[in-house]
Amino acid sequence: MKEVVQKALAQLLSSDPILGDLHADMTHQEVCGLLEVEAGRSMLVQVRRADGATWDLRVPRDARLHQLKAALKTHVTLHMHRCGLKRALSWRSMWRRHWLVLSDGTKLTDDNATLSSLGVKHKCTLSFVKRNRDKCFNR
């Protein structure tokens, strides 16, 4: 029964010109996020991957950087599940090795700072940059 409903919903969404960009497996959280963006209560932030593709994240206007990172983790996990990938990512390792950076090169370093104070705006694009580690000095 579930498969029949999912197939019918996928066909309905793909044939509708307005709803055509929605995924048939959308969660309640994703639908609420889309509605919040349309109402102006949250903003859309794009995160550019190394291969040039982007992930669209929806976060509240008063969100902090750690909330953006949590939204990214949720989005990537859901994306991997939908693609059938069973691999798990170590987000702790990811944040140790990479910064999120604005298009002007500003590194987003303070997890407790609000996104607006860091310069992140609606429809802003962020990208990943490898962190440069200070090398230990030899004795």
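D111 has a relative accessibility of 32% and therefore counts as partly exposed. The model discussed here is predicted.

**Salt bridges**

Side chains of opposite charge can pair when their charged atoms come close. In this model the count comes to 2 salt bridges. One of them joins D111 to K69, with an N to O distance of 2.8 Å. K69 belongs to helix α3 (residues 65-83), whereas D111 sits in the loop between β4 (107-108) and α5 (115-118), so the pair ties together parts that are 42 residues apart in sequence. K69 has a relative accessible area of 14% and is buried, since the cut-off for buried is under 20%.

R49 and D51 also form a salt bridge, their closest N and O atoms lying 2.5 Å apart. Of these two residues, D51 is exposed at 55% relative accessibility, while R49 is partly exposed at 24%.

The table gives the accessibility of the residues named so far.

| Residue | Relative accessibility | Class |
|---|---|---|
| K69 | 14% | buried |
| D111 | 32% | partly exposed |
| R49 | 24% | partly exposed |
| D51 | 55% | exposed |

**Residue S42**

S42 is part of strand β1, which covers residues 42-48. Its relative accessibility is 5%, so S42 counts as buried. Apart from neighbours within four places in sequence, S42 has contacts with G33, E36 and V37, with V59, P60 and R61, and with H122.

Notes
Residues are numbered from 1 along each chain as its sequence is written. This is a predicted model: local features need pLDDT of at least 70, side-chain atom pairs count only at pLDDT 80 or more; totals for chains, interfaces and linings use all residues. Side-chain values use heavy atoms; hydrogens and water are left out. Helices (H or I, at least four residues) and strands (E, at least two) are DSSP runs, numbered from the N terminus. Buried means under 20% relative accessible area, exposed over 50%, partly exposed in between (1.4 Å probe, protein chains only). Contact means heavy atoms within 4.5 Å. A salt bridge is a side-chain nitrogen of Lys or Arg within 4 Å of a carboxyl oxygen of Asp or Glu.
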